[in-house]
Amino acid sequence: MVKAAKDVVPDPELVRKLSCLSSSALHLKGSSSASLSSLELTYITDFFLALAICNSVVVSSPSQPRHMVPEAQAPLKSLEEIKLMFQRLSFYSFSPPQIKGSPRSFTSKLFTRGKTSSFTFNTPPNNSTDGSDPALECSQDTCKLKTKVDLPDRRDREDSAAMSSGEDLENLMEIKADDDGVKQNLEGMGGDGESEEDIDDELLYEAESPDEAALVHAARAYHCTLRGRSAESLLVDLPGIGSLVVQLLHILPFDSNRKRMSVVVRHPVTGQVVVYTKGADSVIMDLAETQKGSEQAQEIYSHIREQTQKHLDTYAREGLRTLCIAKKVLEEEEYEVWLKRQLLAESSIENQEELLLDSAQRLETDLTLLGCTGIVDRLQEDVPETIEALQEAGIKVWILTGDKQETAINIANACKLLRSSDRLLSANCGSRDACGALLEELLSEVQHEEEREESSLDSTSSFILVIDGRTLEWALQEELKGSFLELSCKCKAVICCRSTPLQKSKVVQLIRDKIGVMTLAVGDGANDVSMIQVADVGIGISGQEGMQAVMSSDFAISRFKHLKKLLLVHGHWCYHRLANMILYFIYKNVMYVNLLFWYQFFCGYSGSVMINSWVLILFNLVFTSAPPLIYGILDQDTPADTLMKLPELYGASRTTKVYIPFMFWINMLDAFYQSLVCFFLPYFALAGSDAGTLSFGSPINTSALFIILLHQVIESNTLTWIHMLVLVLSAALYFGFVQLYSAFCVVCSHPTNLFGVETLQITQPLFYIICTLTTVAALLPRILFRVLFNSLHSSAPLRSAQRDEAAAERYRQRMKLWNLKHSGASSLQVHADNPGLEPIEDEVVS
Amino acid sequence: MGKAKDKSGPLGRRPDNSAFKQQRLPAWSPMLTANTVLPFFYLLALICMLLGVWLLLTVQSTQEIKLDYTELGNCDQCFQLRKNVSYAAQTCSCKVEFSIDRAFKGDVFFYYGLKNFHQNLRRYMDSRDDEQTLGRKNKLKNPSSYCEPFAKDAGVPIAPCGAVANSMFNDSFTLTYHPSRSRTIPVPLLRKGLTWYTDKNVKFRNPKTDNLTLAAAFEGTRQPLYWQKPVYDLDPHDPTNSGFINEDLIIWMREAAFPNFKKLYGILNRADASFTKGLPKGNYTIDISYNFPVQYFQGRKEVVLTTLTWFGGQNHFLPIAYLVTSSLILLMAVVLTLAWWKFGKDGKNMKE
């Protein structure tokens with residue numbers, strides 16, 4: 001992850017422009033008004049500053065884990081820190097911008113020079129700070145000058161900064177665990193930025209979301225480095241200016257209603273109060289609609305907006321995650337007024353949330369668009385293969401994402417959910433009635449198509465429903481639920497884009513309750529938590545999006561591709577194991593307890609038992625307790641590689657083919673038969689003889705034990721040494737117990753005193769003759785059933801296993817070829833289609 | 001230390017890469033198909049067949065004779081007498097005659113049998129005190145409450161207490177051989193050595209006598225209500241067979257598994273010159289001291305004379321069961337062979 005997040009390759013053109021502008025600003029120093037290029041520089045600097053600070057990223061380094069807060073460091077270790085001290089002093093003592101400029105630039109100059117020689121490149125711009133100040137003010141307040149129109153569109157294209165995938169946690173963890181790895185990585189990085197010192201390489205950003213970290217890293221690639229964060233201030237390196245302490249006034253955190261976050265800072269250069277806002281493109285574009293100022297400036301601005309919108313659309317089509325950055329300069333009085341209200345809201349007890357929201361919304365108005373970003377959301381490895389396998393296994397895959405529709409479709413395309421032959425049904429509408437009509441229309445279209453296909457016997461194309469958040473809101477309402485469900489059932493897959501966390505959970509709930517299927521939700525972000533909790537099976541992908549999804553999930557995986565193994569192998573096994581173990585448990589108890597039942601016919605229905613009471617107690621508790629558990633833990637009805645190769649085998653467990661009434665009744669019947677045999681063979685063998693009650697119970701109990709244990713051997717699909725050990729131990733424990741018990745306990749467990757019974761029994765041939773006959777006769781039907789079942793009506797898994805066995809060599813060759821072909825084709829397609837996309841969250845409905 | 005270090009870090013909770021935890025244990029799959037189990041089936045059928053034949057031959061060599069003497073001959077009078085409990089004190093004896101066509105060779109065992117007597121009834125089985133018959137002094141005078149209502153008789157403790165001991169079978173038999181009309185030879189029966197070793201020597205002990213007579217050891221106890229004589233008088237001639245270690249009592253105290261059962265009464269003493277080879281053929285009579293009433297539970301009483309085999313008495317069920325099982329296995333094996341022949345000979349047609 002570290003590698004991925006930091007692998008920002010700066011746009012050379014932009015870098016050139018930036019450095020060119022920085023140096024040209026030097027020449028412009030002292031000019032009466034800001035030039036075109038200095039205004040552009042202002043914008044660009046502002047944009048990167050916003051990227052670096054408009055977040056909640058915590059900076060740490062391996063040597064100083066967690067907050068690298070300048071203030072917190074008591075012993076001053078380096079010149080860097082002394083410099084910071086000076087800066088802060090200067091900052092606080094000379095707060096008016098007019099006076100503050102020169103001492104700060106002086107200090108920074110002094111210390112940057114003293115620090116390292118590599119900073120020489122950046123030194124000249126430092127001197128320009130004074131000069132650019134008026135220019136900046138001018139550009140922002142009056143904006144008389146004609147700016148280059150595409151300036152705010154300077155995008156931050158992080159071509160390889162793909163990291164929102166959030167599922168890269170595994171990598172992250174590996175690197176964290178291995179400090180050397182980090183260093184190597186970072187050192188490798190250090191080579192890129194020539195102006196960066198060694199200490200820079202130690203910086204680690206810990207962000208709430210990978211997007212934030214990506215943006216910070218992107219800003220850093222353009223030498224706008226976030227160096228530290230404390231509660232009141234941020235330390236930022238700016239290109240051509242050097243380290244600056246930015247006084248942090250407020251953070252208005254992100255929420256899903258506003259879909260944006262803001263920071264209020266005192267601008268380090270101008271000293272003005274500036275609001276930087278970062279948020280969803282639609283929201284920011286709405287808020288930054290108009291610009292105060294002259295007609296000309298407005299014209300320019302609207303042009304900029306149009307350009308930006310175009311870029312945004314392009315990004316979305318490419319499957320990038322888009323964000324917009326905007327700023328707003330506040331007058332001191334304006335800020336004072338707002339501050340009062342904000343403080344009031346913060347300190348209020350009632351309706352605090354509403355007041356805070358209100359306050360934030362009042363602040364985030366009349367924004368000036370700075371630019372937009374597109375973050376590559378790299379698809380994890382093997383996602384298409386995984387989704388393909390899940391679909392082959394008969395699982396319906398839905399995508400519920402907060403991304404834009406274009407992005408979502410692109411992702412679906414990249415993960416092969418969407419094929420070229422599939423027909424896309426888009427549902428976007430503005431009102432409930434329109435939505436209802438649209439759903440009906442789409443439904444009739446699908447039905448019509450189906451009829452056509454039936455007649456032409458050609459069913460190649462299938463439907464994919466794409467529905468956006470607003471339409472989903474209508475579709476989830478009571479009146480339209482029905483048609484939405486009907487439509488979605490007819491579709492191969494459903495993609496819900498721009499959906500809120502609540503909508504995601506509502507969709508899952510709707511499917512789960514109305515269609516009555518088993519739902520599985522996979523997600524990696526905090527916005528998937530509600531969905532994961534609602535679904536029957538919630539799976540969290542641990543990654544950069546934090547641990548919320550993982551903590552609310554039933555199962556946590558580290559990569560999306562592991563879902564295939566989790567479902568196809570472990571899900572399959574788990575179902576078979578559970579089903580078989582439960583059947584075995586029921587069988588075992590019915591079989592054993594029935595023995596006592598049959599005896600009641602011969603003891604005057606008095607509740608007598610022919611088995612010692614301790615043996616009765618321990619039979620289930622000790623003698624036959626471990627084998628079913630081992631059976632339930634270790635049994636593998638089909639080898640893992642076969643299950644991975646043939647996803648359709650999952651169908652048996654998906655459609656619950658094992659734990660069915662038929663199997664249950666077969667088991668009951670068998671249990672009854674076995675108990676009959678186990679009781680009546682010894683009965684007839686001993687009827688009319690001088691056998692005592694316990695002497696009669698002894699062979700019964702012994703053969704019951706053997707029948708139950710051997711029954712499991714017959715039923716087991718795999719036997720390991722653990723099975724063997726447990727089976728042998730169970731039998732040994734039984735014999736050991738009864739022998740010792742009947743040898744030493746003279747007056748125990750009245751009235752079923754076992755004393756002398758078992759020790760005598762094992763010396764008598766009759767005991768063995770009875771036990772052998774009973775065990776063999778009791779197990780015959782089961783073994784016959786198994787053999788016939790396996791030989792004639794062999795199930796698909798067994799068939800494939802036999803196929804493996806029969807034509808192992810040929811089959812392996814074919815599979816190898818097949819694998820080769822497939823892996824080659826699929827990997828090609830992923831990269832060709834979209835090198836960087838990722839399904840944020842998939843909802844798998846089976 | 002090294003292990004603890006391994007457990008830290010983000011991967012600390014990763015399960016070990018062991019065969020068990022990763023479910024990669026080498027496993028044997030008992031793929032039960034026709035071809036794999038057929039040899040086993042044929043072998044099993046053969047073994048069962050041989051065993052069945054052997055058992056059958058063994059059983060054929062045994063001899064057994066059963067006599068239901070409940071109302072047989074002049075025992076009918078005694079039967080009628082025992083209907084009325086007020087004549088319980090009256091003795092009644094009768095004689096039963098029978099003849100043996102074929103000599104009983106080897107050890108001959110003399111059993112008495114009861115029918116419809118539920119010794120396995122739960123409350124009946126409960127009603128005994130193993131600690132008392134183990135000879136524990138405190139229990140002798142203070143029998144367990146399990147024995148109620150046969151624990152005390154008018155405040156005096158009963159020894160041995162409980163329903164099981166109380167209902168002890170008390171008919172006695174004398175077997176006589178009639179080689180000719182005039183000659184009679186009493187058939188000697190061993191009345192000792194009939195019980196399990198552990199019962200006679202460990203589970204049943206008389207209270208410690210301390211050089212007192214047995215009667216003194218049982219001082220302060222009373223005989224069970226239905227008994228005609230106290231427990232220390234069960235075998236007046238042999239103190240090692242009297243009291244709690246009386247073998248008839250011990251045998252009776254092993255509750256039978258079924259309502260119809262037999263219990264060992266005696267073994268032919270082959271030391272006697274006339275019976276070294278067993279019971280010769282001829283006429284026999286049994287003199288019965290008829291005490292045990294059975295009409296209250298619609299029961300029957302019988303005498304069984306039998307020779308035993310190495311696996312028990314004359315029981316045709318086991319050999320037949322073995323033979324039947326063997327033929328069932330054979331049948332299944334044939335069916336499976338056909339199935340194997342027709343369908344899955346080489347697993348080829350399993351493929352489609």
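**View 1. A:Cys435 and its closest cysteine sulfur.** In this predicted model, the sulfur of A:Cys435 lies 3.9 Å from the closest cysteine sulfur, that of A:Cys429, which is too far for a bond; a disulfide is a pair of cysteine sulfur atoms within 2.5 Å. A:Cys435 is buried at a relative accessible area of 0% (buried: under 20% relative accessible area, exposed: over 50%, partly exposed: in between; 1.4 Å probe, protein chains only). Residues are numbered from 1 along each chain as its sequence is written, and chains are lettered from A in the order in which they are written. Local features need pLDDT of at least 70, and side-chain atom pairs count only at pLDDT 80 or more, whereas totals for chains, interfaces and linings use all residues; side-chain values use heavy atoms, without hydrogens and water.

**View 2. The disulfide of B:Cys78 and B:Cys92.** The two sulfur atoms are 1.8 Å apart, and the link is left-handed, with -85° about the S-S bond. B:Cys78 belongs to helix H3 (residues 75-82) of chain B and B:Cys92 to the loop between H3 and strand E2 (93-100), so the pair ties together parts 14 residues apart in sequence. Helices (H or I, at least four residues) and strands (E, at least two) are DSSP runs, numbered from the N terminus.
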